[in-house]
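Work through these exercises with the sequence and the model side by side. Try each task before you read its solution.

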Amino acid sequence: MTTANTATAAPPATVRLRSLVAEIRETVNRGLPPEPTAYMVAERLLPHLGQPDLLTAAQCEGDPACYRQHVLHAEHDGSFSVVALVWLPGQCTPVHDHVSWCVTGVDRGEEHERRYRLVPHGGTSRLVATGDVVNPAGTVAAFAPPGDIHLVRNAGTGTAVSLHVYGADIARLGTSIRRVYDLPADR
C-alpha cells in the first residue's frame, strides 16, 4: 500500500488554473447537493485537461516512494480544493472512500481504477468489485459518497497526472480519504 506524499504549500497558479478555480467557485457557490455539484464541476474541468499551460513543471513532479499530492488551491471557506496527483508507474492507492464529493480528470497518462461495493458477509463485511475502468488523458469522473469505494493505480509505463477537485479543504485535512478498507476484497 502506498500513501500520498502531500505537498505543504501551493505553488503559484498558472493563469489557466486561476481561471479553472474561478469556474469551480462559481459552480460550488450555487449551493446544489453534492452529486449534481460534482457533475457540474466535471464539466468545468474537462476543457482544461491536457492543456500545456494548466500546470507548472513543479506541479507535475512525482515521488519515487509513492504517488504525490500537490495541493493547488484550497478555497478560503473550505468549500473545495484542487489537487494534482502525480503517479509514477506502479504506484497505487489503498482501497478507500472519500470525505466529500470528488471530481477526477486525467491530464496526462492514464489511471486504472477498480470500483467496489461493500456487502454484508457472515456477520462482517467484504468488498465486491463492481467494475474496472481505464481513464485515459482527457477523461473526467464525478462521484459523491456513499458508494465511492475504489482503488486507483498507474498501470502504464509513464507518469500519469490527474487533477482532483474535492468538496473539502484538503490543505487542512491532508487527504481526501475518509476510510481505508482492509477487508476481504475481489482483486
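## Exercise 1: Histidine 96

Histidine 96 touches Asp148, Ile149, His150, Ile177, Arg179, Val180 and Tyr181, not counting residues up to four places away in sequence. Contact here means heavy atoms within 4.5 Å.

The model is predicted: local features need pLDDT of at least 70, side-chain atom pairs count only at pLDDT 80 or more, and totals for chains, interfaces and linings use all residues. Residues are numbered from 1 along each chain as its sequence is written, and side-chain values use heavy atoms, with hydrogens and water left out.

**Task.** In which strand does histidine 96 lie, and is histidine 96 buried or exposed?

**Solution.** 
Step 1. Find the strand. Histidine 96 is in β4, residues 96-98. Helices (H or I, at least four residues) and strands (E, at least two) are DSSP runs, numbered from the N terminus.
Step 2. Check the accessibility. Buried means under 20% relative accessible area, exposed over 50%, and partly exposed in between (1.4 Å probe, protein chains only). Histidine 96 has 4% relative accessibility, so it counts as buried.

## Exercise 2: A recorded site

**Task.** Which residues does UniProt list for "binding site", and why can they be said to gather at one spot?

**Solution.** 
Step 1. Read the record. The unreviewed UniProt entry lists His96, His98 and His150. UniProt positions are given in the numbering used here, feature names are shortened, and annotations may be inferred rather than shown by experiment.
Step 2. Compare sequence with space. These residues span 55 residues in sequence, yet no two of their C-alpha atoms are more than 9.5 Å apart, so they gather at one spot.

## Exercise 3: Helix α1

**Solution.** 
Step 1. Check the span. The expected span of a helix is 1.5 Å times one less than its number of residues. For the 14 residues of α1 this gives 20 Å, and the end C-alpha atoms are 20 Å apart, which agrees.
Step 2. List the buried residues. In α1 they are Leu17, Leu20, Val21, Ile24, Thr27 and Val28.
Step 3. Look down the axis. The arc is that of the directions from the helix axis to the C-beta atoms.
Step 4. Find the partners. The buried residues of α1 pack against α2, β2 (68-74), β3 and β10.

## Exercise 4: Helix α2

**Task.** Which residues of α2 are buried, and what do they pack against?

**Solution.** 
Step 1. Pick them out. Thr37, Ala38, Val41, Ala42 and Leu45 are buried in α2.
Step 2. Check the side. Their arc is only 140° around the axis, which puts them on the same side of α2.
Step 3. Name the partners. The buried residues of α2 pack against α1, β5 (102-108), β8 (140-143) and β10.

## Exercise 5: The nonpolar core

**Task.** How many residues does the largest nonpolar core have, and which element gives the largest share?

**Solution.** 
Step 1. Count. The largest nonpolar core has 25 residues; Val82, Trp101 and Val103 have the most contacts inside it. A nonpolar core is a set of buried Ala, Val, Leu, Ile, Met, Phe, Trp, Tyr and Cys residues joined through side-chain atoms within 4.5 Å.
Step 2. Trace the sources. Two or more residues come from each of α1 (15-28), α2 (34-45), β3 (81-87) and β10 (160-166). The largest share, five residues, comes from α1.
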